[in-house]
Amino acid sequence: MPRTLLVGSPNVSWRQWIVDAAPSPNVLCLDPADTDFGLPARLTLFTGEKVVKWRFFGGLSALRSPNSLLVSLNELLQDTPEDLTIQLFPYRPSPLLRQLTLQIAQILQPKHVLITDDLAIDTRGWPVGPEVIPAPKGYPPMVRHAQRKARWLKLLEDCEPHQLRMRDIAIEGARLGSGTELDRAQYGKLSLDNAHRIEVCGTSLLVITDEYPNDGQIARALDITHCSKAHVVNTSSYENLVCTFADDSGAEFGFGMIEKLDFKAEIARIRATAEPGTPVRLLKLGGLKVDLEGRELGEAKPWEV
């Protein structure tokens, strides 16, 4: 059975269409904000309503990390049946989303492309001519928000506390962990004695601290490290970020939220669905923040933390 790609506006809900009319029980959801069948902030392959496999995305908008979406798509397609319905993220007119949408269509090579009639989108350049269909009615934003909150609360019920030694793990998805950490003996030389962690990545300086340095301290630190730009991050900025664990191969397991990155003790305190004591080699951070009441607290900008 061939692949079918679903392209709709932000006002569309595909749930009932998938239940009633999807040509295959295998559904790949590429909308990280969707909660009809599973958790948000992930890209998920379902058979019926059963999760077959998923990839961490860490946010609600495809525009946050288009490269991660394409990598995850390729990984989710491995060993996946050809009879597949693919639900795309909500389409909004923009050059980047159009290019991303066409690239996904080229990767998938679907037999059918269904586009809802409430979209203004160029139908040229697709692997197969799109068919325009009536737009399935979506839920109001308030209802969608409530649905996501319910999913977060269920996730939190399934989470266990974890404490990871930060020296033992790599970090992905954030500015933190992307550079070379300076030896603490250098902090005084930089006039940043109160910093918890300082990294240099190319010409960028990352300073994690509870006390924002003054202009003179920043200028001195940039001069000594030969950097051109400083990024100062408060330690509390990492609290409540969604995250996942991974092993050395990048295989993901566990899903949860950061409680605290304790830089003094060099311990990452996390609530996640993985079994306590499971070896973790990689911590993947998202940008979305969710508190212990299931409330979404907004998203950090890409590479802000």
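These notebook entries record what I looked up in the predicted model shown above.

**Ground rules**

I note that the model is predicted, so local features need pLDDT of at least 70 and side-chain atom pairs count only at pLDDT 80 or more, while totals for chains, interfaces and linings use all residues. Residues are numbered from 1 along each chain as its sequence is written, and side-chain values use heavy atoms, with hydrogens and water left out.

**Entry 1: the sheet**

I began with the strands. Helices (H or I, at least four residues) and strands (E, at least two) are DSSP runs, numbered from the N terminus. Two strands pair if DSSP finds at least two bridges between them. I found an open sheet of seven strands with mixed pairing, in the order 4-3-2-5-1-6-7. Strand 4 (50–56) and strand 7 (131–133) are its edge strands, each pairing on one side only. From one strand to the next, the twist averages 20°. For angles, axes are lines fitted to C-alpha atoms (for helices over the stretch in contact), and values run from 0 to 180 degrees between N-to-C directions.

I then looked at one pairing. Strand 2 (residues 26–29) meets strand 3 in the antiparallel sense, over four bridges. Cys-29 has Thr-44 of strand 3 as its bridge partner. Helix 2 lies across strand 2, strand 3 and strand 4, and runs at about 145° to strand 4.

**Entry 2: the cores**

Which residues have the most contacts inside the largest nonpolar core? I listed Leu-5, Val-7, Leu-28, Phe-89, Ile-104 and Trp-126, in a core of 29 residues. Such a core is a set of buried Ala, Val, Leu, Ile, Met, Phe, Trp, Tyr and Cys residues joined through side-chain atoms within 4.5 Å. Buried means under 20% relative accessible area, exposed over 50%, and partly exposed in between (1.4 Å probe, protein chains only). Two or more residues each come from strand 1 (4–7), strand 3 (42–47), helix 2 (66–77), helix 3 (95–108) and strand 6 (112–116). Helix 3 gives the most, with six residues. Another core lies apart from this one; it has 24 residues, among them Ile-208, Tyr-238, Phe-245 and Ile-258.

Not counting residues up to four places away in sequence, Val-7 touches residues including Trp-14, Leu-88, Tyr-91, Val-113 and Trp-126. Thr-4 is in strand 1 and is buried, at a relative accessible area of 3%. With neighbours within four places set aside, its contacts include Pro-23, Ile-86 and His-112.

**Entry 3: aromatic rings**

How many aromatic pairs does a search of the whole structure find? I recorded seven. Rings of Phe, Tyr and Trp (its six-membered ring) pair if their centres lie within 6.5 Å; planes under 30 degrees apart count as stacked, over 60 as edge-to-face and the rest as tilted.

Phe-37 and Phe-46 form a tilted pair, because their planes stand at 50°, with ring centres 5.6 Å apart. Phe-37 counts as buried at 10% relative accessibility, and Phe-46 is buried at 3%.

Trp-152 and Phe-255 are stacked, because their planes are at 15°, with centres 6.3 Å apart. This pair links distant parts of the chain, 103 residues apart: Trp-152 is in helix 4 (residues 141–158) and Phe-255 in strand 15 (residues 252–262). Trp-152 is buried at 0% relative accessibility, and Phe-255 at 1%.

Trp-54, Phe-56, Trp-152 and Phe-255 form one aromatic cluster. Arg-42 lies over the face of Trp-54, 4.5 Å from the ring centre, and its charged end sits over the ring of Phe-255, 5.6 Å from the centre. A charge sits over a ring if NZ of Lys or CZ of Arg is within 6 Å of the ring centre and within 35 degrees of the ring normal.

**Entry 4: residues in loops**

Is Asp-79 buried or exposed? I noted it as exposed, at 83% relative accessibility. Asp-79 is in the loop between helix 2 and strand 5 (85–87), and has a positive phi of about 60° although it is not a glycine.

Asn-240, also not a glycine, has a positive phi of about 75°. Asn-240 is in the loop between strand 13 (229–234) and strand 14 (241–246).

Conventions. Contact = heavy atoms within 4.5 Å.
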